[in-house]
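This report describes the fold of one protein chain and then looks at selected parts of it. Please keep the sequence and the structure in view while reading.

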Amino acid sequence: MSRYRTLSLFLVLAALWGSAFVAISAGLSHLPPILFAALRYDVAGVLMLAYAAVVADWRPRDRAGWWQVAVGAGLLIAAYHAFLFVGQLHTTAAAAAIVVSLSPVLSTGFARALVPSDALSPVGLVGVVVGLVGVAIVVRPDPGGLLATDAVAKGLVFCAALAFALGSVLTRRIDADLPIETMEAWSMLGGAALLHLVSLALGEPIVPTAWAHPEAIGALAYLSVGASAVGFLIYFELLERLGAVEINMVSYVAPIVAAVVGWLYLGEVVDAAALIGFGIIIGGFLLVKRRAIRRELGQVRSREAGE
């Protein structure tokens, strides 16, 4: 039963996070992008803080904890979602999900770069390059049209993946005794505040009547409660059960969900180049994580033999 529960939770998380890209695309028809992202984390941050208050220490107690929150708010929430939401104005949900799936590869690259003693092997470096080639195939930059709307949009989504990868590495490097639920809650609230400031600075229109559209309400509710609050709670449980390597595989199931839901709900079509690029990104991940995957498979075999 434990195996079935783990698999079920994994598939639910992939469905929540994959369909979130479609919800973003749907909500962007009614809400300006930065404000939309800010409202999402207003709600999600309050929910996560309430949960943290029940299961853990509800606030950071030292300077290291607040530094970790600051990095999370600035990179994992504000920068990541600002680039992602603006980028998705002019690209499909599936294409955005595919580009974001490069994050685990980029995270490994940043981790190795920031810790010289833990340098990537030649094969690992090849894996990073392969992943970047996959993104290039998805984006398909034309030297004569680098400023084309679609190319710029996918470039912004790539910047989102960079911000998330760097933020993931930096938050792990900060030596803070802070429960992950508390870190996520305060990062969400701090990131929402930063997004509101950016929205005001850009002069995004504040039109509450547009927010009342059923599709806008549904998208915001789904992203805040489903993809963020419920999704992260499932993520925390799976992180303990599976470890960081296996949970990263959610990034490679989510684009499939995004492609299917985007086609069914928005009529978006995924072209052959995007599928090829996605496959190459997965190949890059397997090269970068080959040792960890081999180690995880060995542990799985040992557990099965013990049973």
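## A pair of helices

Helices α2 and α8 are roughly antiparallel to each other, a label given to angles over 145 degrees, whereas angles under 35 degrees count as roughly parallel, 65 to 115 as roughly perpendicular and the rest as oblique. The axes of α2 (residues 33–55) and α8 come within 7 Å and cross at roughly 160 degrees. Axes here are lines fitted to C-alpha atoms, for helices over the stretch in contact, and angles run from 0 to 180 degrees between N-to-C directions. By class, the contact of α2 with α8 has 21 nonpolar, four polar and three charged residues. Nonpolar covers Ala, Val, Leu, Ile, Met, Phe, Trp, Tyr, Cys and Pro; charged covers Asp, Glu, Lys and Arg; the others, Gly among them, are polar.

## Basis of the model

The model is predicted: local features need pLDDT of at least 70 and side-chain atom pairs count only at pLDDT 80 or more, while totals for chains, interfaces and linings use all residues. Residues are numbered from 1 along each chain as its sequence is written, and side-chain values use heavy atoms, with hydrogens and water left out.

## Overall fold

The protein has 14 helices and zero strands; these are DSSP runs numbered from the N terminus, with helices (H or I) of at least four residues and strands (E) of at least two. Of its 307 residues, 47% count as buried, where buried means under 20% relative accessible area, exposed over 50% and partly exposed in between (1.4 Å probe, protein chains only).

## Helix α8

Helix α8 spans residues 180–202, 23 residues in total. From first C-alpha to last, α8 reaches 32 Å, close to the 33 Å expected at 1.5 Å a residue; the expected span is 1.5 Å times one less than the number of residues. Its buried residues include Met-183, Met-188, Ala-192 and Leu-195. Just after α8, Gly-203 takes a positive phi of about 70 degrees.

## Two individual residues

Tyr-235 lies in helix α10 (residues 214–242) and is partly exposed, with a relative accessible area of 22%. Leaving aside residues up to four places away in sequence, Tyr-235 touches Leu-13, Trp-17 and Ile-247, a contact being heavy atoms within 4.5 Å. Tyr-235 and Leu-9 are 226 residues apart in sequence and 8.6 Å apart in space, C-alpha to C-alpha.

Gly-267 belongs to the loop between α12 (250–266) and α13 (272–288). At 48% relative accessibility, Gly-267 counts as partly exposed.
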